[in-house]
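Visitor: I would like to learn how to read the inside of a protein model. Where do we begin?

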Amino acid sequence: MPRVFPLPDRTSLARTTLIRMGVRIAVIMSLATLFSYLHIFNSFRTEALVQMEQSVVERSQREQAIFVLAEDNHKALKKALEERIRFWRTQDPSPRFEGMFVHLPDGSTRNIPQGFDGTKMPGVIVPKGVVIDDDLRRRILAAYEVVAQYGPAFHVRFTNTGVLLPEGVLVGYWPEGATWFQDVEATFSFLPMEYLTISLPENNPQRTSAWTGIFEDVPSKTWMVTVATPLDVDGRHVATITHDVLLEELMNRTIQDRLPGAYNFLVRDDGQLIAHPTIKMESGQGPYTIPKVLGMPEAVNSKEGTPEQRAHLSGIFEKLSTRAPGQRVLELPELGEYMAMERLKGPGWTFVTVLPEHVVSSAAIRASRYVLLFGLVSLIIELGIMYWVLKQQITRPLLDFTEATGKLEAGDFNVSLDIWREDELGQLAHAFHQMAGEIQRREEALRQANEGLELRVEERTRELKDAHRQLVESALQVGRAEIATNVLHNVGNVLSSVLISSMLAKERLSGLKLENVERVAALLEEHRGDLSAFIQGDKRGQTTLPFLTQLGKNLQSERKEILLLLNDVSRHTEHIGAIVNLQQRYARTSHHLHEQVDLRALVEDALRINQAALGRHSVKVERLLADIPSVLTEKHKVLLILVNLISNAKYALDAMPEAERRLSVRIERPLSDGFICIEVKDNGVGIAPELLTRIFQHGFTTRQEGHGFGLHSSALAAQELGGTLKVHSDGPGQGASFILELPVSAEQQGGQSHA
């Protein structure tokens, strides 16, 4: 029976109708409030964006002054240093150098301690191991003179002034670290430091001033940044000029000096954070780099700020990185913020001001609050009046609809409603009556259809069962046919060897020439009375005994050969019986017989079964049989596979000249995965690449007289043994290699039962 959903209760319907009738007033008042809010909001937003843009431009010009000054200082230092280096090239540096610096017992060269005052003069450290030649002395003296001249003047704005020589020498004026040049370890090296590497020709091909990332001066726990300017003289990098710029005041101004409701931060192009109000640089942790992936917080360093704050910063940086060139203001609706940015000259940092949207919207909301409140009060009064009216005109008819719906759901289609009303409820009642009649008609039709459908399902089920039984019988017949085909194929291979062995035994018997024995016996019978004289005196008698001796030897030799051939016939016949028994077991049960098998002996048996055919085809056999322990497996199934592979290899060699026909059989020690490999390889016709995937398909063969059963049955047998049969060939004329992989342990054989 179809489900009929009841109508809502009368209270809900009355309330819904009341709201529907008061929509006109609600819409008018809501639109008035909305338009007022939007107008005010747009005005506030435009004003805020203009103010943000002006602010970041002014702040960037003010904050970049120290960096521009540093680069201007370096221009003067660079010019002065080059002049002093060229001057000292014409002078003998030794007297002045020896008078100012001393080579200490720790291997370093420094200022002479007596009279050295690091607050008034530059310090020099030549680390241990640096070879000091005249060229280096001249550059040290030139750097010392330039730093001594400019360092004190620049110290008003910059904490230090230094000259780094690429050999590892440092000349610097640093009053705050007055004793550093005397106390630093003799093995100190700044060669791997960023402030040197960024000035090397391979890293700075433009040879301009470059800025490091921010770093912390550990003793003072002060964050700073270094500007490095390379100096090349006559195409050679001879020195790097440096200034360290303290960042504490810049960081504090960035965080504290902000627009109302907004916040600022400084960031480098690669995401290295310079200053931020919530994610701060912790001492000893190194700088914080904003993740490049949007929304993924940085997980290496432990920083202040929640993961949500760091993820939010990642989203802002993503928008900052993808903005159009020259664009200063961005709206971020997905983040609910506005952003203004300006790039600082020098280090290339970007000063960013972020203003949350709610700061702008809150002011607009306050301005439009009175309009909204007045509209809500009016709307409530109007809805109260309409509720009283609707309760009388709508609630009662809706209650009748609810009762009618309950009857319809219970299966009672006799419902009575007031269909004579000339309003929407009258139309609804009329439609409800029609719906009830239609549901009754369809339910009756559905019942009749279900009865017919059950009969058809029963008939179809019987047909499917019959078809399934026929398919099972067909599958069994196909399986028996395939088993019989495999039996005929494998028995045919062995019968060929039996026939060849029988023919060779027959040829041996035919060639014994037993008629000569009869003639010798007749000759001896003729001279029975004088046998001694005949043997000693007659020429024919003298040859009789040697003839008999040689004949006996020949008969013994021929007997051995014939016995070997008959043994082969017996063994081949036994193998035929094993094949038949094996295939019969395939047809009736999945129970397999396992025994300890010597694979080397089994390979020799397979070669002996094919020995006559291999000899007839002049195939040279190479055995590479590793000494391996016996394996628990099905002996005759493995022998069946090997006989098929050797037989196929023999046919593959027919197209080769007799002198070049080679067949190798290799047994390798167990692999690391517990499998033993038996490889049958020939240098015959090979296999085309497009045929490698079809070689084991049932009925597929490349020989005109072949039937395509051997490799298919061999692959199935290998799978049943828990192993695999693989093939490899480099192409036509390149030979082929078949590899049989067998498990060492019985547990690897797919859980097969052992008898």
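Guide: With terms: helices (H or I, at least four residues) and strands (E, at least two) are DSSP runs, numbered from the N terminus. On a 1 Å grid over the protein atoms alone, a cavity is a set of points where a 1.4 Å probe fits but cannot get out; a pocket is an open set with protein on both sides within 12 Å along at least five of seven lines; and lining residues have an atom within 4 Å of a point. This is a predicted model, in which local features need pLDDT of at least 70 and side-chain atom pairs pLDDT 80 or more, while totals for chains, interfaces and linings use all residues. Residues are numbered from 1 along each chain as its sequence is written, and side-chain values use heavy atoms, with hydrogens and water left out.

Visitor: Which elements each supply at least two residues of the lining of the largest cavity?

Guide: Helix 5 and strand 9 do, and helix 5 has the largest share, with three residues. The lining consists of Ile 85, Arg 89, Asp 135, Arg 138, Arg 139, Arg 236 and Val 238.

Visitor: How do the residues of that lining divide by type?

Guide: Ala, Val, Leu, Ile, Met, Phe, Trp, Tyr, Cys and Pro count as nonpolar, Asp, Glu, Lys and Arg as charged, and the others, Gly among them, as polar. Here, two are nonpolar, none polar and five charged.

Visitor: What is the volume of the largest pocket?

Guide: A volume is the space filled by probe spheres set on the grid points, which are joined across faces, edges and corners. For the largest pocket this is about 670 Å³. Its lining has 28 residues, of which Asn 160, Trp 174, Tyr 195, Phe 215 and Asp 244 are the closest to the centre. Strand 4 gives the largest share, four residues. By type, twelve are nonpolar, eleven polar and five charged.

Visitor: How many residues does the largest nonpolar core have?

Guide: A nonpolar core is a set of buried Ala, Val, Leu, Ile, Met, Phe, Trp, Tyr and Cys residues joined through side-chain atoms within 4.5 Å. Buried means under 20% relative accessible area, exposed over 50%, partly exposed in between (1.4 Å probe, protein chains only). The largest core has 62 residues, with Phe 67, Leu 81, Ile 140 and Trp 349 making the most contacts inside it. Helix 5 (residues 134-154) gives the most to this core, nine residues. Another core, of 45 residues, lies apart from it and includes Leu 599 and Val 603.

Visitor: Is Asp 183 buried or exposed?

Guide: Asp 183 is exposed, because its relative accessible area is 56%. Its place is in helix 6.
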